[in-house]
Amino acid sequence: MDDIDRALVLRLQQDAGQSYAALGTAVGLSAGATHERVRKLRERGVIRRTTVDVDPAAVGSGVLAYVMVDSNAWMGEAGADFAAIPEIQEAHIIAGSASVLVKVRTASTEQLQDVLRRLYAIDGVSGTHATVVLDTFFERPLPL
């Protein structure tokens with residue numbers, strides 16, 4: 001994937017209903033060239049569904065981990081600190097033995113280790129417990 005493919009995928013995730021003309025204007029391509037690139041992204045499996053579900057491995061984020069974050073202080077004000085780590089897809093304040101649960105996607109276990117190091121740099125974090133996903137049976141959309 002090149003930078004134009006990444007820009008297209010980013011924009012489609014924000015609004016999958018955009019026209020090819022609007023997408024093309026945003027990335028500097030004609031509507032036809034944009035349509036062709038989107039078609040190729042679908043053929044390669046980067047875009048898995050009409051809802052623009054991006055295959056994480058196809059864009060270099062094949063390692064999925066859920067990390068329980070322990071703290072020695074209330075973490076309710078630390079949302080921006082977690083959001084500043086781009087590999088974190090979700091962060092939740094939780095009840096139980098840990099304070100925060102984060103969903104992390106990285107390209108490698110080495111990169112995951114770096115994310116864990118950066119978590120420890122957040123004020124109040126005292127420990128982490130990471131669970132690396134080996135395979136996913138399924139993921140469901142939110143039932144409405």
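## Salt bridges, a helix and cores

Colleague: What separates Glu36 and Arg39 in helix H3?
Modeller: Glu36 and Arg39 sit three residues apart in helix H3, so about one helical turn lies between them. Helices here are DSSP runs of H or I, at least four residues long; strands are runs of E, at least two, and both are numbered from the N terminus.

Colleague: What should I know about the model itself?
Modeller: It is predicted: local features need pLDDT of at least 70, side-chain atom pairs count only at pLDDT 80 or more, and totals for chains, interfaces and linings use all residues. Residues are numbered from 1 along each chain as its sequence is written, and side-chain values use heavy atoms, without hydrogens and water.

Colleague: Why is the meeting of the Glu36 and Arg39 side chains called a salt bridge?
Modeller: A salt bridge needs a side-chain nitrogen of Lys or Arg within 4 Å of a carboxyl oxygen of Asp or Glu. Glu36 and Arg39 meet at 2.2 Å, N to O.

Colleague: Are Glu36 and Arg39 buried, exposed or partly exposed?
Modeller: Buried means under 20% relative accessible area, exposed over 50%, partly exposed in between (1.4 Å probe, protein chains only). Glu36 has 29% and Arg39 has 30%. Both values lie in between, so both residues are partly exposed.

Colleague: How many salt bridges does the structure hold?
Modeller: It holds 10. One of them joins Asp5 and Arg44 at 3.8 Å, N to O.

Colleague: What makes the pair of Asp5 and Arg44 tie parts together?
Modeller: Asp5 lies in helix H1 and Arg44 in the loop between H3 and E1, so the pair links parts 39 residues apart in sequence. Asp5 is buried at 7%, whereas Arg44 is partly exposed at 47%.

Colleague: Where do Asp114 and Arg118 lie?
Modeller: Both are in helix H5, four residues apart, about one turn of the helix. Elsewhere, salt bridges that share partners join Asp2, Asp5, Arg37 and Arg44 into one network.

Colleague: Which residues of H1 are buried?
Modeller: Asp5, Leu8, Val9 and Leu12 are.

Colleague: How do you know that the buried residues of H1 line one face?
Modeller: Look down the axis of H1: the buried residues fall within an arc of 95 degrees, so they line one face. The arc is taken from the directions from the helix axis to the C-beta atoms. The face turned away from the buried side carries the exposed residues Asp3 and Gln14.

Colleague: What do the buried residues of H1 pack against?
Modeller: They pack against helix H2 (20-27) and helix H3 (31-43). Contact means heavy atoms within 4.5 Å.

Colleague: Which residues of the largest nonpolar core touch the most other members?
Modeller: Val69, Phe82, Val102, Leu119 and Ile122 do, in a core of 18 residues. Strand E1 (63-71), strand E3 (100-106) and helix H5 (109-120) each supply at least two of its residues. A second, separate core has 10 residues, including Leu12 and Leu41.

Colleague: What makes a set of residues a nonpolar core?
Modeller: They must be buried Ala, Val, Leu, Ile, Met, Phe, Trp, Tyr or Cys, joined through side-chain atoms within 4.5 Å. In soluble globular proteins, nonpolar side chains tend to be buried together.
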